[in-house]
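Hello,

Here is the structure I promised to pass on. Please have a look at it, and then read my notes below.

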Amino acid sequence: MLELKSVDAGYGTFQALFGVSLDVKAGEAVGVIGPNGAGKTTLMRVISGLIRPTAGSISMEGTDILKTPEHRIVSLGIAHVPENRRLFPRLTVEDNLKMGAFMPEARARFAERLEFVFDLFPRMKERRHQMAGTMSGGEQQMCAIGRALMSDPKLLLLDEPSAGLAPVVVQQVFELVKRIRSGGLTVLIVEQNVQQVLKVVDRAYLLEAGSIRASGSSQEMLANDSIRQAYLGV
Amino acid sequence: MTDIFDIYLLEAMVNGILLGGVLALLALGLNLIFGVIDVTWICYAELVMIGMYGMYYMVQVFGLPYYVAAPFAILLVAGLGALLHLLVIAPLLTAPPINQLLATGGVLFVLQSFATVAFGIDFRNLGIRMPVLKLFEMHLSYSRLLAFAAALIGMLLVYFFMKRTYIGTAIRAISQDRQIMALMGVDTRRIYLITSALGGALAGLAACLLVLQYDIHPFVGLSFGPITFLIVVLGGLGNFVGGFVAAFVFAEIISLGGLFSDLEWGYVLAFAFFIVMMFIRPAGLLARRS
């Protein structure tokens, strides 16, 4: 479904990704783990077009993402839940969700998608008229995921969904990812919470200093000694 | 004696409210541009001036009825706003704010000079004399009542556009987080263009209303341009509600100041009030606590 080949990317003279190749097949949940500053967020941003790679290629179901204008990439079926949620704090929950359905294809099905998101997050229905910025971190994360789901994506990009949340809420977020998966959605998730993320994904890549250092199924990654020592503390 | 004085006071206050409506309309247009695109159109009042000339030519020279000419004038200035964005602002979007300010300041002089060359410096007017309404001993001109009502309707339309439509929601969202708009499938360049046209349309509507009260000349923008900037700054740049409140505060100061002395003193009082307020509340009347 999604395929990256030898992608280089960076900010100005700073290079953050070095020859990253990665693929996600339809129906899979794939994790990208690695330390702070490894280039995980940059990886998400090149996929959704927020920054453009300096070399390499990215395609979504055969369509070249590099040739797609950045605001049309969501129409390819890619929805990106950015790092730190990035809700519109002074818009209501419902207006935030409305923005998620901005593209013409999604507008036509707004009511149907809204019902889907409210079923998934009944809390959002209760808070639909509340300013998004006044909600708790966990609720904001739900709203951010809900906003991404409004476009009825095929591939959901989740950037550090557990960051800054209380442990109980982190648990809830990963439960949610499992539920979203079971609906047939393909997920690419970037996380520092290695232990948790390996429980919900099928496969994972280890990204360090901008390069893929290891990859394999969740079991293989859990069994990998260097990963166990560096990220799981055992 | 006291009765007559009270009536004058009341009349001045009502006139202040009527003036406030049009000023609020202008402030809304400027706030919209600032809030969304993060630039200040120094030449905003000059767009109004061009719109007033548009009305003059359509009504006086081509003989169109006022109500037929007005929509065309609004469209004309909306187009001018879009053009200003495409030709001047878009190439400077990433430039330092001072450069953007200087560029729109340059457009101000270009428009004034253009008007001087093209239309001459004669004072012109539409030649429409509207009757005066007598209400409880007060004299209120219909042109001001019409301006107030039309300004309110214009602002209400903008309000519903901003609240109800996808484009309007995007306009509100874009000022809160510019970078992620592409993730929502929003083409920011298109939103900027639409916002510029909307800002222009509001200037066009103001032109249609002000042309009933002011004579038209190339420097007429100076009569309400500076006061609009004070209102927008006092209300807090980009703060729609603040701009609305500040417009009426200023209009009342001008109107009541003019009652106790000359109209010019009303303006002096308004500017003095502004300077004092900048010391007390530099971020604006309704500054958001951060």
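**What I found**

Leaving out residues up to four places away in sequence, B:Phe250 touches B:Leu23, B:Ile227, B:Leu230, B:Ile231 and B:Ala270 (in contact: C-beta atoms, placed from the backbone, within 7 Å). Please keep in mind that this is a predicted model, where local features need pLDDT of at least 70 and side-chain atom pairs count only at pLDDT 80 or more, while totals for chains, interfaces and linings use all residues. Residues are numbered from 1 along each chain as its sequence is written, and chains are lettered from A and ligands numbered from 1 in the order in which they are written.

B:Phe250 and B:Leu23 are among the residues with the most contacts inside the largest nonpolar core, which has 164 residues. Such a core is a set of buried Ala, Val, Leu, Ile, Met, Phe, Trp, Tyr and Cys residues joined through C-beta atoms within 7 Å; buried means that 20 or more other C-beta atoms lie within 10 Å of the residue's own. Helix 1 (residues 2-37) of chain B brings the largest share of this core, 14 residues (helices are DSSP runs of H or I, at least four residues, and strands of E, at least two, numbered from the N terminus).

Chain A has an open sheet of four strands in the order 2-1-4-5, with antiparallel pairing (strands pair if DSSP finds at least two bridges between them). Its edge strands, strand 2 (14-24) and strand 5 (63-64), each pair on one side only. Two bridges join strand 4 (residues 55-60) of chain A to strand 5 of chain A, and A:Ser59 stands opposite A:Asp64 in strand 5.

Where the chains meet, the contact takes 22 residues from chain A and 15 residues from chain B.

Best wishes

Note on methods:
Contact = placed C-beta atoms within 7 Å. Buried ≥ 20, exposed ≤ 12 C-beta atoms within 10 Å, placed from the backbone.
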